[in-house]
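Take a look at the sequence and the fold below. The paragraphs that follow walk through the sheet and a group of rings.

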Amino acid sequence: MVLSARKQPPGGSREFWGWLNAVFNKVDYERIKAVGPDRAAAEWLLRCGAKVRFRGFDRWQHDYNGLPTGPLGRYRIEAIDATESCIMYRGFDHLEGLEHLEEIRLNKCIYIEDACLERLSQIKTLQDSVKNMTVVSCGNVTDIGLIALHQLRNLELLFLSDLPGVKDKDQTVDRLQTALPRLAIELDLA
């Protein structure tokens, strides 16, 4: 039996990948307790195709099997590059407890939506630590998600591009800059 690309039976590959991505994002709270928040978050991010950079290191870590080992708390996540990764809301509890995260890049993340940005912005440690953020080509992000970023009180630079869900960019930028006067926003929105 030959199937065309247009007519797939129920339970096709799209559903399989969605299920697998949800499994990759499942939070294992016992693992977080055992290895600490930074190691558990790094494992989650790399499992989902993202990269991390640890404090004091220049090189991005992208190989799950190459994650450094050492005493609990030795490696602290300083930056996340989630470009084309499958991170989704379900996994954002992994970010709880990250105290040194300064940079987040969300580029072409098909599962990133307003709820993700809202969740990220509610995490107390990130409210203090995140300084730079990029949100590019995340089609499910709207003005609502961007406005939630006002809770990241130390955010200094926000780059936004190719976000078709953002309908009132002027009001959104105004609200963010009113809440965060030191914030520099770079826009490339239509």
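Is Tyr-75 buried or exposed? Tyr-75 has a relative accessible area of 16%, so it is buried (buried means under 20% relative accessible area, exposed over 50%, partly exposed in between, with a 1.4 Å probe and protein chains only).

A word on the basis: this is a predicted model, in which local features need pLDDT of at least 70, side-chain atom pairs count only at pLDDT 80 or more, and totals for chains, interfaces and linings use all residues. Residues are numbered from 1 along each chain as its sequence is written, and side-chain values use heavy atoms, with hydrogens and water left out.

Start with the sheet. It is open and has 6 strands, in the order E1-E2-E3-E4-E5-E6, with mixed pairing. Strands (E, at least two residues) and helices (H or I, at least four) are DSSP runs, numbered from the N terminus. Two strands pair if DSSP finds at least two bridges between them. Strand E1 (51–54) and E6 stand at the edges with a single partner strand each, so one side of each has no neighbour in the sheet. From one strand to the next, the twist averages 10° (axes are lines fitted to C-alpha atoms, for helices over the stretch in contact, and angles run from 0 to 180 degrees between N-to-C directions).

Now two pairings within it. Strand E2 (residues 77–81) runs parallel to strand E3 (residues 103–107), over 3 bridges. Ile-80 has Ile-104 in E3 as its bridge partner. Strand E5 (residues 157–161) and strand E6 (residues 184–188) also pair in the parallel sense, over 5 bridges. The chain goes from E5 to E6 through helix H7 (residues 169–179), in a right-handed β-α-β crossover. Right-handed means that, with the strands pointing away from the viewer, the path from the first strand over the helix to the second runs clockwise.

Back to the rings. The structure holds 3 aromatic pairs. Rings of Phe, Tyr and Trp (its six-membered ring) pair if their centres lie within 6.5 Å; planes under 30 degrees apart count as stacked, over 60 as edge-to-face and the rest as tilted. Phe-54 and Tyr-75 have ring centres 5.6 Å apart and planes at 65°, so this pair is edge-to-face. Phe-54 lies in strand E1 and Tyr-75 in the loop between E1 and E2, 21 residues apart. Phe-54 is buried, at 6% relative accessibility. Phe-57 and Tyr-75 form a tilted pair, 5.8 Å centre to centre with 40° between the planes. Phe-57 is partly exposed, at 43% relative accessible area. Ring pairs link Phe-54, Phe-57 and Tyr-75 into a cluster.
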